[in-house]
Amino acid sequence: MNKKPKILVIDVTNRDGVQTSRICLSKLQKTMLNIYLNEMGVFQSEFGFPLTRHETNYLNANLELAKKDPSLKIRLSGWLRATRDDVRNAFKLVPHLKYLNLSISTSDQMIANKFKGKLDHASIIKEMQEAVREAKKSGALSIGVNAEDASRTKLDYLIEFSLSAKEAGADRIRYCDTLGFDTPFSIYERIKLLAEEVGLPVEIHCHNDLGLVVGNSIAGAKAANDAGVDAFINTCVNGMGERAGNADLVSVILAIKYGSGMQDYVLDERIDLKKSWKICKYASYAFGV
């Protein structure tokens, strides 16, 4: 009997949440959030940028803490650009890093205006594959590949990009609605087709520019599960995040557990809503919001 696909949470408060305008967290506050996310049963915390020098001690200390304390079961993952050099340098600075997301833009608009002729569609795939293989060689246990601006990427290229990531050894694809462009209808159709064609778990990373971030996240997760693969929703505590914010951690959990039509979908059994008040209260204090 086939196991039912699950919906798991990857919280990005310590990476994308702190990109909110005027928000700063100390390294101790980030560590406390990792501990509270662990208590809440969150699968993974994207805990920072391994190539940011002022974060190196914090990242290494949190990985050491996780190694010494068996109760810290949460995965701690780093965000890197999908380039071989960035991966190599990251493992020099943070040698015990095991979980990574490697990120590169895939939409025509980003390729034309961000890379300005330095990369084209073919070289983006080549660069990403080299980064994935370098990460595997360096000891990464799990790699997500981020398609930045996936919601505006032509679907045939997004599928080609994702299949190439799978071939290189990626464990999942992060579908990024970078500019808050999708609606629940468009993201459902696109992720269902992507998951069916590629056969990899899908991470859903949405922003709230249109006020649809939780709806889009749930629709994307539903699509991935309907296609037979696990879904990972990116959240931030209290819905923080750059511009209008990321999907609120507690709202996402409530929508999956109690939202109409979601009862047949399987949320990670480790999630403990009883811990939500503490983490939301602490984050509010730490953010000063």
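This is a predicted model: local features need pLDDT of at least 70, side-chain atom pairs count only at pLDDT 80 or more; totals for chains, interfaces and linings use all residues.
Which residues are exposed on the other side of H10?

Residues are numbered from 1 along each chain as its sequence is written, and side-chain values use heavy atoms, with hydrogens and water left out.

View 1. Helices (DSSP runs of H or I, at least four residues) and strands (runs of E, at least two) are numbered from the N terminus. Helix H10 covers residues 276-287, and its end C-alpha atoms lie 16 Å apart, which agrees with the 16 Å that its twelve residues should span at 1.5 Å a residue, the expected span being 1.5 Å times one less than the number of residues. Buried in H10 are Ser276, Ile279, Cys280, Tyr282, Ala283, Ala286 and Phe287, where buried means under 20% relative accessible area, exposed over 50% and partly exposed in between, with a 1.4 Å probe and protein chains only. Seen down the axis of H10, these buried residues fall within an arc of 165°, so they line one face of the helix; the arc is that of the directions from the helix axis to the C-beta atoms. On the other side of H10, the exposed residues are Trp277, Lys281 and Tyr285. Just after H10, Gly288 takes a positive phi of about 70°.

View 2. The buried residues of H10 pack against helix H1 (27-39) and helix H9 (249-258). Asn38, which is found in helix H1, is buried, with a relative accessible area of 14%. Leaving aside neighbours within four places in sequence, Asn38 is in contact (heavy atoms within 4.5 Å) with Ser71, Leu72, Lys73 and Ile74.

**View 3. Strand S6 between its pairing partners.** Strand S6 (residues 172-177) is mostly covered, as six of its six residues are buried. Arg172, Arg174 and Cys176 point one way from S6, while Ile173, Tyr175 and Asp177 point the other way. Strand S5 (residues 142-148) pairs with S6 in the parallel sense over four bridges, pairing being defined by at least two DSSP bridges between two strands, and Gly144 stands opposite Arg172 in S6. S6 also pairs with strand S7 (residues 202-206), in the parallel sense over five bridges, and in S7 the bridge partner of Ile173 is Val202.
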